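Here is a short tour to read alongside the sequence and the 3D view. Please keep both open as you go.

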Amino acid sequence: MSDRTGARRGYLGYLLLRLAQAAIVILLAYVLIFVVVSVLPGDPVTNLLRDPQSGLTEADIHKIVVYYGLNQPVLIQLALSLSRFVVGQLGYSLQSNLPVTQVIGDAVPSTLVLAGTALLFSVVLALGIAYGSQYAPGARVRQTLRSVPSFFLSVPNFVIGLVLISFFSFRLHTFSVIDPDGLVATLFAALTLAIPVSAPLAEVFIANLDHESKQEYALVAKSRGLAPVALFARHLVKPSLLPAVTMVALIVGELLGGSVITETIYGRDGIGTVVQKAVTTQDVPVLQAVVSLAAVVFVLVNLLADLVSPLVDPRVEIRSPARASRAPRPSKPSKPARPSKPSQPPQPAQPSSQGASA
């Protein structure tokens with residue numbers, strides 16, 4: 001019971017430490033984004049507000065300027081913006097005059113469906129490639145499958161999307177580009193995003209399978225006549241998936257970035273469309289909010305991976321900060337004692353008188 005209690009306390013300390021680190025990273029990321037936007041030449045906010053096509057009066061412009069603190073020093077603007085960001089107030093869009101939370105909230109479901117389906121496809125593709133690289137019939141086929149991830153990485157995302165649209169939509173009429181939110185169109189859009197994302201996962205799976213298949217437990221299971229599929233599913237998948245947990249957290253950024261291009265190619269309304277319009281119209285509050293939320297998602301996913309890894313892999317040892325501070329420091333090895341010098345050198349033995357007389 002004491003070991004379990006100590007393990008729980010250690011994990012609780014590790015959890016609190018990682019939560020604090022994640023909060024600090026998110027705040028620093030928001031500050032960096034604000035600084036980058038603030039040092040841009042010109043004042044796109046005021047210029048956009050004073051555009052005759054905006055239809056805003058001087059009183060409306062003054063209210064917006066006061067709300068964002070544009071008539072205050074940069075540090076005060078940062079304090080106002082950061083305090084609102086902490087409580088979830090992201091401001092108002094300068095283009096549509098709608099709350100930024102509403103603008104992003106309307107686009108998030110479509111992007112989540114696309115990114116979630118693409119993540120599922122990428123894991124399935126990576127597992128299929130890794131399995132084929134181990135058990136496919138023929139050495140040439142296995143070697144070809146090992147080179148597939150490099151090929152996936154070398155092909156740009158938009159090229160994959162255009163090829164799939166040209167072949168499956170225009171020639172085979174599998175889906176219609178007029179209905180980009182349909183089920184079949186969503187699956188092909190997710191496949192477009194999943195192909196380059198699956199490449200690093202496949203490489204990790206292949207390397208881990210090469211290592212795990214040479215272990216004693218795998219050799220014993222294989223010697224007992226276990227089929228390759230059963231050996232792969234029962235014994236090799238779980239230890240091979242453990243290092244991929246961190247890799248899944250890292251490719252979330254690629255999913256978010258690739259969704260912008262994929263949604264543009266397929267004409268889907270999502271976060272990519274919001275970013276494109278914000279960049280085109282210089283809608284700074286929307287752009288800053290989208291980039292900040294992307295940083296938050298990336299940090300939270302990596303935090304989740306760090307918290308899940310010790311639970312999935314019992315070999316991972318965690319220590320709370322208190323236990324780490326109380327850990328005994330390794331003692332320096334003691335120097336061997338020098339041998340004491342004799343006070344007088346040893347005298348040679350004198351021969352006995354009997355021996356001499358003999």
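The sections below cover salt bridges, a cavity, a surface patch and a few individual residues.

## Salt bridges

Keep in mind throughout that this is a predicted model. Let us begin with the charged pairs. Side chains of opposite charge can pair when their charged atoms come close. How many salt bridges does a search of the whole structure find? The search turns up two.

One of them joins the side chains of D210 and R146, at 2.9 Å from N to O. This pair links distant parts of the chain, with D210 in helix α8 and R146 in helix α6 (residues 139-154), 64 residues apart. D210 counts as partly exposed because its relative accessibility is 24%. R146, at 30% relative accessibility, is partly exposed too.

The side chains of R268 and D181 also meet in a salt bridge, here at 3.8 Å from N to O. R268 sits in the loop between α10 and α11 (271-281), while D181 sits in the loop between α7 and α8, so this pair ties together parts that are 87 residues apart in sequence. Is R268 buried or exposed? Its relative accessibility is 3%, so R268 counts as buried.

Next, a look inside. The model has one cavity of 30 Å³ or more, and about 40 Å³ of space lies in the largest cavity. Its lining is made by L127, A130, F205, L209, F232, L236, V237, S240 and L241.

Which helices each supply at least two residues of that lining? They are α5 (100-135), α8 (183-212) and α10 (228-266). Helix α10 gives the most, with five residues.

F158, V159, L162, V163 and I261 make a nonpolar surface patch of about 430 Å². Helix α7 (residues 157-171) contributes the largest share of this patch, four residues.

Two residues are worth a visit here. L153 lies in helix α6 and is partly exposed, with a relative accessible area of 47%. Leaving aside residues up to four places away in sequence, L153 touches P196, A199, P200 and E203. How far apart are L153 and P196 in space, C-alpha to C-alpha? They are 5.4 Å apart, although 43 residues separate them in sequence.

S198 has its place in helix α8. Its relative accessible area is 0%, so S198 is buried. With residues up to four places away in sequence again left out, S198 touches S122, L125, A126 and F152.

The last stop is Q77, which lies in helix α4 (residues 74-86). Why does Q77 count as buried? Its relative accessible area is 13%, and buried means under 20%.

What does Q77 touch, not counting residues up to four places away in sequence? Its contacts are F34, Y68, G69, L70 and Q72.

Definitions and conventions:
Residues numbered from 1 in each chain as written. Predicted model: local features only at pLDDT ≥ 70, side-chain atom pairs only at ≥ 80, totals over all residues. Heavy atoms only, no water. Patch = residues over 30% accessible without salt bridge, like charges linked within 9 Å, V, L, I, M, F, W, Y side chains within 5 Å. Areas by Shrake-Rupley, 256 points an atom, 1.4 Å probe, with all protein chains shown as cover. Salt bridge = Lys/Arg side-chain N within 4 Å of Asp/Glu carboxyl O. Buried < 20%, exposed > 50% of the residue type's maximum accessible area, 1.4 Å probe, protein only. Contact = heavy atoms within 4.5 Å. 1 Å grid on protein atoms, 1.4 Å probe; cavity = no way out; pocket = protein on both sides within 12 Å on 5 of 7 lines; lining within 4 Å. Points joined across faces, edges and corners; volume = space filled by probe spheres on them.
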